[in-house]
Amino acid sequence: MVERALPEIPRLGGSVAHRGMPSWLKGLRREPRVVVAGGYLLLLLLAAIFAPLVSPHDPLEQDLMLNTLPPAFSAGADPGYVLGTDSLGRDIASRLIHGARVALTVAIVAALAAGAFGTVLGLLAGYYGGWVDAVVSRLIDIWMAFPPVLLSILLVAMIGTGLTSVILAIVIIDWTRFCRVVRSETLQQTRMDYVDAAVVLGRSRWTILTREVLPNVLPVVLVLLSLEMGIAVIVEAVLSFVGLSVSSDMPTWGGMIAEGRQIIYHGWWVMVFPLSLLVLTVLAFNQLGDGLRRLTDPVMRR
Amino acid sequence: MLSSRALRQVVFAIVTLFGVAVVSFVLLRVVPGDPIAMMIAPGASAEDIARLRAAYGLDKGLVAQFVIWLGHALTGDFGTSISMRQNVVHLIAGRLPATIELTLTALAVGLALGIGAAVASTLGTRRLIGSTVDNANGILLAVPDFVWALAFVLLFGVAWPILPISGRVDPRLAIDFTTSFLLIESLLRLRLDIARDVLAHMIMPAMALALPLAAVILRVLKGALESEALRDYALLARIRGASRLRVTLRETLRNAMIPTLALTGVQFTFMFGGTVIVERIFAYPGIGNLAIDAVINRDLPLVQGLILTFGLIFILINLAVEASFALLNPRLRHG
């Protein structure tokens with residue numbers, strides 16, 4: 001189809017259009033949780049990126065003379081170890097910061113990959129309908145019938161442990177979360193007037209899908225991405241807790257929790273700090289997703 | 001007499017189980033390595049190996065191998081666990097009762113908490129109770145069983161040590177049980193001291209599994225109760241002078257349970273997934289804990305057996321949910 005110079009089409013059902021900088025800021029003021037959660041996650045990300053610079057100690061350095069030191073605010077603490085040390089005398093604060101690297105790598109890579117895969121299939125199924133939709137919908141049904149645990153046990157048993165298999169397992173199991181929502185959202189958007197207008201104006205189906213429908217589906221994907229990152233952080237922690245994630249020479253929150261569980265009666269802090277950071281991070285992703293949903297939902301915005 | 005709907009469900013269940021069996025078989029063949037080498041004891045003679053190879057049909061094609069494997073599986077022969085050197089079926093049968101007792105307890109607790117909270121939230125005259133429940137539930141929904149389990153260990157195992165944090169029964173109390181259903185058996189034998197100890201070991205893992213379930217039930221049931229309360233039959237009952245509690249218990253709860261039940265079935269299968277990690281945390285000797293050991297040790301015969309066990313459990317849960325739909329909704333009984 002020939003592309004012609006077109007006047008700006010008003011996007012009737014769009015939640016992206018008509019949103020300048022000021023109303024965007026106003027929205028953030030109405031949803032302070034987005035700022036708080038987003039700010040915390042940004043800080044965590046920066047700490048993870050610059051982990052070697054900001055950690056006070058080497059996360060792997062053992063000092064058995066200084067094992068199971070309590071955190072700085074309690075008696076018998078060493079001020080050099082703010083959050084204390086574990087049973088091998090390794091600095092807990094530094095291990096937490098380095099552990100954020102694994103957690104956030106898994107969260108970002110797995111969520112983006114699952115999101116990309118699910119969104120593409122969902123867009124195609126919702127927009128083209130017909131046999132494409134039939135195939136994708138059947139695929140989702142089959143996937144949902146397979147319980148996630150069974151699938152993850154199977155996957156880890158087959159491909160072995162390690163960062164790649166953790167990410168792969170999350171993507172293989174969770175792409176349906178995106179696909180289902182994007183498919184139904186695309187179905188809804190496709191019925192709207194702005195799509196008809198674009199058809200009348202002679203735009204190709206591909207252009208309509210990528211330039212018109214996709215921008216209106218993206219806010220939903222953004223919300224799902226945030227929630228999925230929270231799920232991925234939990235899954236990674238669970239797998240490293242049971243020793244099915246990365247090798248033990250890389251600090252992970254789940255691994256630290258497992259070590260803390262072993263010596264729970266000698267040093268509660270060894271488990272409490274990684275567990276608290278894990279909960280805080282998961283809640284942050286949840287609140288960010290929830291806030292983004294309220295911000296981008298045209299009904300809730302009023 | 002089976003209706004055609006029930007028949008369809010059963011046929012679907014068998015097909016699904018067959019699918020799980022195929023996947024579980026392919027798993028053993030896709031993974032590099034000789035399946036016989038994993039089954040035999042070290043130091044077996046070449047003659048033994050050849051005999052096993054023929055017994056499992058490894059000299060034949062893949063389909064023939066599958067048929068032979070399925071034949072073994074149907075007669076309850078899943079081979080020998082590599083890491084534990086025991087018959088896979090015996091191993092699973094010994095651990096399964098612990099998981100069944102745990103998950104059924106968790107299911108009962110989760111249903112009671114979820115339904116109780118949902119009914120209580122309909123009693124509030126104004127929005128106060130409702131919004132409090134909603135806000136608390138928002139947090140409940142975000143916290144997974146893994147975190148609950150560890151929080152309970154810290155709270156009731158360490159900070160205020162009133163509950164044991166690992167195992168299933170105090171070894172000093174253990175008598176020679178004839179079954180592995182320790183809770184049921186000790187209750188039947190009226191050994192209440194043992195039953196109490198088993199319950200004390202079970203309460204924290206069961207709560208960790210029950211709370212996420214209760215949160216989901218609460219959210220769905222509360223919504224369903226609210227919309228049912230606006231229907232004519234419920235309003236009529238109110239106009240005739242029945243109290244909110246009476247209308248909820250006698251009229252709307254039954255209808256609102258139908259969507260809730262479908263969800264409970266799905267969540268109950270998720271709960272079996274949750275046992276994998278929760279049993280690990282509490283060193284509880286169930287099949288979830290066994291599954292992690294099996295995967296860590298790459299014990300493929302055991303993994304296969306466990307996958308089929310989990311698959312069977314999921315299918316039975318789905319059948320049970322379908323059957324209870326028919327009980328609650330007479331329209332589904334025929335057709």
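Which pattern does chain B follow when it is read along the sequence? Chain B follows the pattern α-α-α-α-α-α-α-α-α-α-α-α-α, and the count that goes with this pattern is 13 helices and zero strands. The model is a predicted one, and its overall scores are an ipTM of 0.79 and a pTM of 0.82.

The mean pLDDT of chain B is 82, with 88% of its residues at 70 or more. Within chain B, the confidence is highest in helix H5 (residues 88-123), where the mean is 92, and lowest in helix H2 (residues 35-39), where the mean is 61. Chain B contains 335 residues, of which 36% count as buried. Among the contacts in chain B with a separation of 6 or more, 73% are accounted for by residues 24 or more positions apart.

Helix H9 (residues 192-229) of chain B packs with H11(B) at an angle of about 155°, and the two axes are 8 Å apart. Angles over 145 degrees count as roughly antiparallel, and H9(B) and H11(B) are therefore roughly antiparallel to each other. The crossing in which H9(B) passes H11(B) is right-handed. Sorted by class, the residues in the contact of H9(B) with H11(B) are 16 nonpolar, eight polar and two charged.

H11(B) also packs with helix H13 (residues 300-328) of chain B, here at an angle of about 175° and with the axes 9 Å apart. By the reasoning of the angle, H11(B) and H13(B) are therefore roughly antiparallel to each other as well. On the side of H11(B), the residues that make this contact include B:Met257, B:Leu261, B:Gly265 and B:Phe272, while those on the side of H13(B) include B:Phe310, B:Phe314, B:Val321 and B:Leu328. By class, the contact of H11(B) with H13(B) has 13 nonpolar, four polar and one charged residues.

The next step is the contact between the two chains, to which chain B gives 31 residues and chain A gives 27 residues. On the side of chain B that touches chain A, the elements that give two or more residues are helix H1 (4-30), helix H7 (145-159), H11, H12 and H13. H11(B) provides the largest share of this side, with seven residues. The residues on the side of chain B that touches chain A divide into 25 nonpolar, four polar and two charged.

Two loop residues, one in each chain, deserve a look at their backbone. Most residues other than glycine have a negative phi. Where does the model place A:Thr68? A:Thr68 lies in the loop between helix H3 (51-54) and helix H4 (92-128) of chain A, and it has a positive phi of about 50° although it is not a glycine. With 15 other C-beta atoms within 10 Å, A:Thr68 is partly exposed, because partly exposed residues fall between the limit of 12 or fewer for exposed and that of 20 or more for buried.

In chain B, the residue to look at is B:Ala283, in the loop between helix H11 (244-281) and helix H12 (287-296). The phi of B:Ala283 is near 45°, a positive value in a residue other than glycine. B:Ala283 has 15 other C-beta atoms within 10 Å and is therefore partly exposed.

How values were computed: Residues numbered from 1 in each chain as written. Chains lettered and ligands numbered in written order. Predicted model: local features only at pLDDT ≥ 70, side-chain atom pairs only at ≥ 80, totals over all residues. Helix = DSSP H or I, 4+ residues; strand = E, 2+ residues; numbered from the N terminus. Axes fitted to C-alpha atoms, helices over the stretch in contact; angles between N-to-C directions. Parallel < 35°, antiparallel > 145°, perpendicular 65-115°, else oblique. Left-handed = near helix turned anticlockwise from the far one by under 90°. Nonpolar A, V, L, I, M, F, W, Y, C, P; charged D, E, K, R; others polar. pLDDT = per-residue confidence, 0-100. Contact = placed C-beta atoms within 7 Å.
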